[in-house]
Amino acid sequence: MPSSTPNGKKPKDQRLKRSMLAYYLGLLLLVILINVLMDDGPEQIDYSRFVQLLEEDKVAVVQLVDDQIAVKLKDPADRTIYVTADVGDPQLTDRLLKSGVSFGGVIQKQMSPLLSTFLYMVLPFLLMSLLGGLLFRSVSKRMGPGNAMSFGKSNAKVYVEAQTGKTFADVAGQDEAKEALTELVDFLHDPEKYSKIGAQLPKGALLVGPPGTGKTLLAKAVAGEAGVPFFSISGSEFVEMFVGMGAARVRDLFKQAQEKAPCIVFIDEIDTIGKRRDNAVGGNDEREQTLNQLLSEMDGFDGSRGVIILAATNRPESLDPALLRPGRFDRRIPVELPDLQGREAILKVHARDIKAEPGVNWNVIARATAGASGAELANIVNEGALRAVRCQRNAVTQQDLEEAVETVIAGYQRKGAAVNEKEKQIVAYHEIGHALVAAMQRDSAPVHKITIVPRTSGALGYTMQVDEQERRLMSREEALAKISTLTGGRAAEELVFGSGSSGASNDIEQATKLARTMITRYGMSAHFDMMALETVTNQYLGADSSFICSPETAYQADQEVLEIIKTCHARASEILSANIQKLHELAAYLLEKETITGEEFMAVMGRNSAAQ
Ligand code: ADP
Ligand code: MG
Ligand code: ZN
C-alpha cells in the first residue's frame, strides 16, 4: 500500500467532475435566461377581442409598434401585454379617441449592424463552441487516457522532495544499499565534483530483493535526500492498450527528465517491461517495443548531466540481459531480508509512529521474527498498536507486540472456536511432542512458546522456537535435528493414541521440503556428493525449484529424501518413548494452561528430572 504513488487517480476524476459540473451549470444558466426573456411575454389576441376590450373600457394604454398594437389593461392584477395585428382598421384612431385611453406610437431605433451581427451570429457561435468544448472534454475524460486525443502523452508524474517526504532515516537495516545510494545522492548534489576527475557514475541502478524489503521506500528516500525532481512510473503503466504507446511514454519520460536534470527517474516493477525478449510464438510486441525504446533512451542521454535511473524488481533473473549490460543498469543493489540487527532497527523506526511503553524489548521481537520483511515488521508494530487500543490501554506493551508477531505469523486467535476435549488432547500431545524432541537435541533452537489456542489460519496450536542468535548457515546435523523436531508432533500422537492425525500436514510439508533441499541443493546427501539436482528459479518469490537431472537420478533423490525422513521420524519416536513421563506431564500442564512459555516448559522439565 505505501508503495503506491502519491498522485494517483484522484486529479483525473476531479477534473472530470469539474467539467461536468461546469457543463450543467452552463445549461442551467441558459434555461434561466430563456425563462427570464420569455416571462411576461406578450400574449396574442384577436383584433375583435381588442375592440371588445376597448368598448368595455378595460384598456389603459395602447401603443402602436410597426404593424402591431400593444395593449395594457387597467386591471392592476393583469400585467400581461396583449398584442394584436394592426389590420389597417380605418376607424382605429376614432375608436381610441372615443375610449379615452392614452395611446401613441413608438419610433423604432435601428440596431447598429455591428451589434446585430454580434448578437445573431457571433454570440450563438461562441456559446455553441463553449458548450461543445465542455461536452467534448467531459466525454474524452470519461474515455480516460489512451484515447486518440491524449496519444503520446505520458503519465510520468513529477514529485519532489516535499512530496516523497522520505529520507534515509526512514529506511532501517539496509546499510549496504544506503551506502551505494548515498554516492548517487552525492553525485546529484554536485555532478561537477565527479566530472572534474573524469569519474563516471552509472546511469542506472537496479534495486533487487524480495517483496516488502523497502525497495520503493529506498528510491523515495534517495529523492528526498537529493532534493531533486523525482519522476516515478511503474512498469505496468508503460504497457498500454495500443501498440506504440509504451514506447511513446518512454520517449516522453526521458524528454521530461532531461529538461529537469539533475533528477531521478524511478521505474518500479521494471520486470513488467524488462522481461527477456524471446522468439516465442505470441510474444508481446508492445512490451518489446517499449523495452527497445527504453534501451535506446538509456544509451542516448548524457549521464554527466545528472539524470539517474533507478529501477526496482523482485525478479531479476527474468530481466533482459541487454538491460543489465554496462552503461545501463550495471549497478545492482541488493535489498535483502533484514538480519537480526536490521529487524530491530526497522521495528524501532516504526515504533516512532506509535506510543510504546518505555520497557519494551525490541530485541526479543526481532529474534522472534526471523525471515520477516520490513513490510511485515511494520505490520507487526501496527498490529501491536491495534491490540493495545482493543484492550483500552494507551501505550503498547511487550505482550501486545508478542501477540502481534503470532497474529502476523499464524492469524488471529479464535477464542470462541469450539474444539472438543479429545481433539484438544491430541493437539496438546502433538505440540509437546515437537517441544520435547527439540529440547532433547543439541542442535536445536530453544522453545519459546507453546500454545493450543486455535488460530484463524487453521492452526490448532503451535510451538515457537527462537534462536539466541541469528543463523545464516545450517549444518547437516542441525538440518536433521530440525526434521526430527518437525516429525515429533506426529510421533507423540502415535505413541500415545496409537495413530496419527491430519494435524501434521504442515509439518510433513516442511520436513519434506527441507530434506529435499538437503539432497538436491545443499550437497548433504550420502550418494550425490556435491552434485546439484535442482535450481532455484524464483529466488525472491517463494524460491521455486526445478529438477535439472535425469528421471533416474530424481527417483534416487526421492529415495534418499524418504530415507532421511524415516530416520528422523524414528529418532523422534525414540526420544519421546525415553521421556514418556515428561510427555504426559507436560501435555497435562499445557491442556490446563493452553499457552506456556519456554521458561515454564523448562521448569516442568527440570522439576521432573529432579524428582526422578
Ligand atoms: P518493496 O518495494 O521492496 O516491495 P516497500 O518499499 O514498498 O517494499 O516497503 C513497504 C513498506 O514496508 C514501507 O512503506 C515501510 O513501511 C516498510 N519497510 C520495508 N522495509 C523497510 C526498512 N528497511 N525500514 C523501514 N521500513 C521498511
Ligand atoms: Mg515496491
Ligand atoms: Zn505439528
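In this predicted model, a polar side-chain atom of lysine 215 sits 2.8 Å from an oxygen atom of ligand 1, a polar contact being a pair of N or O atoms within 3.5 Å (within protein, one must be able to donate a hydrogen and the other to accept it, and residues adjacent in sequence count only if both atoms are side-chain atoms).

The shell around ligand 1 holds 17 residues, each with a heavy atom within 4 Å of the molecule. The closest are Ala172, Gly212, Lys215, Thr216 and His350. By class, the shell has seven nonpolar, eight polar and two charged residues. Here Ala, Val, Leu, Ile, Met, Phe, Trp, Tyr, Cys and Pro count as nonpolar, Asp, Glu, Lys and Arg as charged, and the others, Gly among them, as polar. Helix H8 (215-226), H14 and helix H16 (374-390) each supply at least two shell residues, and H8 gives the most, with three. Helices (H or I, at least four residues) and strands (E, at least two) are DSSP runs, numbered from the N terminus.

Proline 338 lies in the loop between strand E11 (331-334) and helix H14 (340-351). Proline 338 counts as buried because its relative accessibility is 6%, the cut-offs being under 20% for buried, over 50% for exposed and partly exposed in between (1.4 Å probe, protein chains only). Setting aside residues up to four places away in sequence, the contacts of proline 338 include Ile346, Gly374 and Glu470, where contact means heavy atoms within 4.5 Å. Glutamine 293, in helix H12 (residues 285-300), is buried too, at 15%.

For the chain as a whole, there are 23 helices and 16 strands, and 42% of the 612 residues count as buried.

Residues are numbered from 1 along each chain as its sequence is written, and chains are lettered from A and ligands numbered from 1 in the order in which they are written. Local features need pLDDT of at least 70, side-chain atom pairs count only at pLDDT 80 or more, and totals for chains, interfaces and linings use all residues, while side-chain values use heavy atoms, with hydrogens and water left out.
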